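Welcome! Here is a short tour of one protein chain, with the sequence and the 3D view side by side. Take a moment to turn the structure around before reading on.

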Amino acid sequence: MKRIVLFVMTNLAVVLVLGVVANLLGVNRFLTANGLNLGALLGFALIMGFGGAIISLLISKPMAKWTSGVRVIDQPQNMDEAWIVDTVRKFADKAGIGMPEVGIFEGAPNAFATGAFKNSALVAVSTGLLQGMTRDEIEAVIGHEVAHIANGDMVTMTLIQGVMNTFVVFISRVVGYAVDSFLRKNDEQSSGPGIGYYVTTIVLDIVLGFVAAIIVAWFSRQREFRADAGAAQLMGRKQPMMNALARLGGMTPGELPKSVAAMGIAGGIGQLFSTHPPIEERIAALQASGN
């Protein structure tokens, strides 16, 4: 459970805040006062669903810097930092994207990429990764993160999360209205949503939110295979990426903040909620590839 994406949790939190604001402004009462208007509800759900996801995307880079304690390399302080910046630049040029910001954070072996736009992203690697891997392996990890950016994975995850959020908001309110109508079928004096609507909506927001998180995690796992293959393509050979994954399998990957966990090089041991496939599956996929 610790590896559920911070991105997912951040935008769900935003959706919750938007939901509270909507309740305070009386939007829910307006939708249910004279019968549920499905068209209006769908519009409301789209705003709520994609609003949370888009806001999360736009704040992803500053949030990542803050939560991970990333030190951006403005001017390399030593040859290692200069090599990291040069490696990111080489891969960014090859991938056809703008030069990302490059940063280092303290911690056990891990790395991540984040940002709302391909041409203004962030690639960060941990001190543990730099100390525990060979240069070929570090280069492969950096290639993996640049591939995430080049593939547009941050935007893709935003769209998927937005669809899932919309589904959660829409279905929970339709069911909530149905439950509330059933409980109050003999009450002709009251208007607007009752306790049945609010309780059902809250419960379904939570339950369906977990279902949505499982679906988003599945998409995230597929995205990891593409980023591994992208790293192999950027390097022109797959062995360094396979070696990096094998080494990560023998390490204790650093626990990333949930906001950037989905964009990291290594995931947790989770199953349905895991944002990364097992290391063994990723190596096998590379072995079977044509690179």
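The secondary structure of this chain comes to 11 helices and 4 strands. Please keep in mind that this is a predicted model. The chain has 291 residues, and buried ones make up 52% of them.

**The chain as a whole**

- The chain exposes about 13,400 Å², and carbon and sulfur atoms supply 64% of that area.
- Take the contacts in the chain with a separation of 6 or more: residues 24 or more positions apart account for 74% of these.
- You can find 14 salt bridges in the structure.

**Helix α11 and its two sides**

- Helix α11 covers residues 279–288, and I279, R282, I283 and L286 are buried in it. These residues sit on the same side of α11, because they cover an arc of only 100° around the axis.
- Look at the other side of α11 and you will find E280 and A288, which are exposed.
- What do the buried residues of α11 pack against? Their neighbours are α7 (135–150), α9 and α10 (239–250).

**Salt bridges to look for**

- Side chains of opposite charge can pair when their charged atoms come close.
- R282, one of the buried residues of α11, meets D228 in a salt bridge between their side chains, at 2.8 Å from N to O. This pair links distant parts of the chain, with D228 in helix α9 and R282 in helix α11, 54 residues apart. Both D228 and R282 are buried.
- Salt bridges that share partners join D153, R223, E224, R226, D228 and R282 into one network.
- The side chains of E139 and K90 also meet in a salt bridge, at 2.4 Å from N to O. E139 lies in helix α7 and K90 in helix α5, so this pair ties together parts that are 49 residues apart in sequence.
- Within helix α5 (residues 79–95), D86 and R89 are 3 residues apart, about one turn of the helix. Their side chains meet in a salt bridge of 3.3 Å, N to O.
- D86 counts as partly exposed at 44% relative accessibility, and R89 is partly exposed as well, with a relative accessible area of 37%.

**A nonpolar patch on the surface**

- A nonpolar patch on the surface has about 990 Å² of accessible area together, and its members include I195, V199, I202, F210 and W218.
- I202 counts as exposed because its relative accessibility is 52%, and the cut-off for exposed is over 50%.

**Two single residues worth a visit**

- S60 has its place in helix α4, which covers residues 60–68. Why does S60 count as buried? Its relative accessibility is 8%, and buried means under 20%.
- The side chains of S60 and T114 are joined by a polar contact of 3.5 Å. Leaving out residues up to four places away in sequence, S60 touches T114, G115 and A116.
- I47 is placed in helix α3 (residues 38–58) and counts as exposed, at 63% relative accessibility. The C-alpha atoms of I47 and N165 are separated by 9.7 Å, and these two residues are 118 residues apart along the chain.

Definitions and conventions. Residues are numbered from 1 along each chain as its sequence is written. This is a predicted model: local features need pLDDT of at least 70, side-chain atom pairs count only at pLDDT 80 or more; totals for chains, interfaces and linings use all residues. Side-chain values use heavy atoms; hydrogens and water are left out. Buried means under 20% relative accessible area, exposed over 50%, partly exposed in between (1.4 Å probe, protein chains only). A polar contact is a pair of N or O atoms within 3.5 Å; within protein, one must be able to donate a hydrogen and the other to accept it, and residues adjacent in sequence count only if both atoms are side-chain atoms. Contact means heavy atoms within 4.5 Å. Patches are made of residues with over 30% relative accessible area and no salt bridge: like charges are joined within 9 Å, nonpolar side chains (Val, Leu, Ile, Met, Phe, Trp, Tyr) within 5 Å. Accessible areas come from the Shrake-Rupley method with a 1.4 Å probe; for residues, only the protein chains shown count as cover. A salt bridge is a side-chain nitrogen of Lys or Arg within 4 Å of a carboxyl oxygen of Asp or Glu. The arc is that of the directions from the helix axis to the C-beta atoms.
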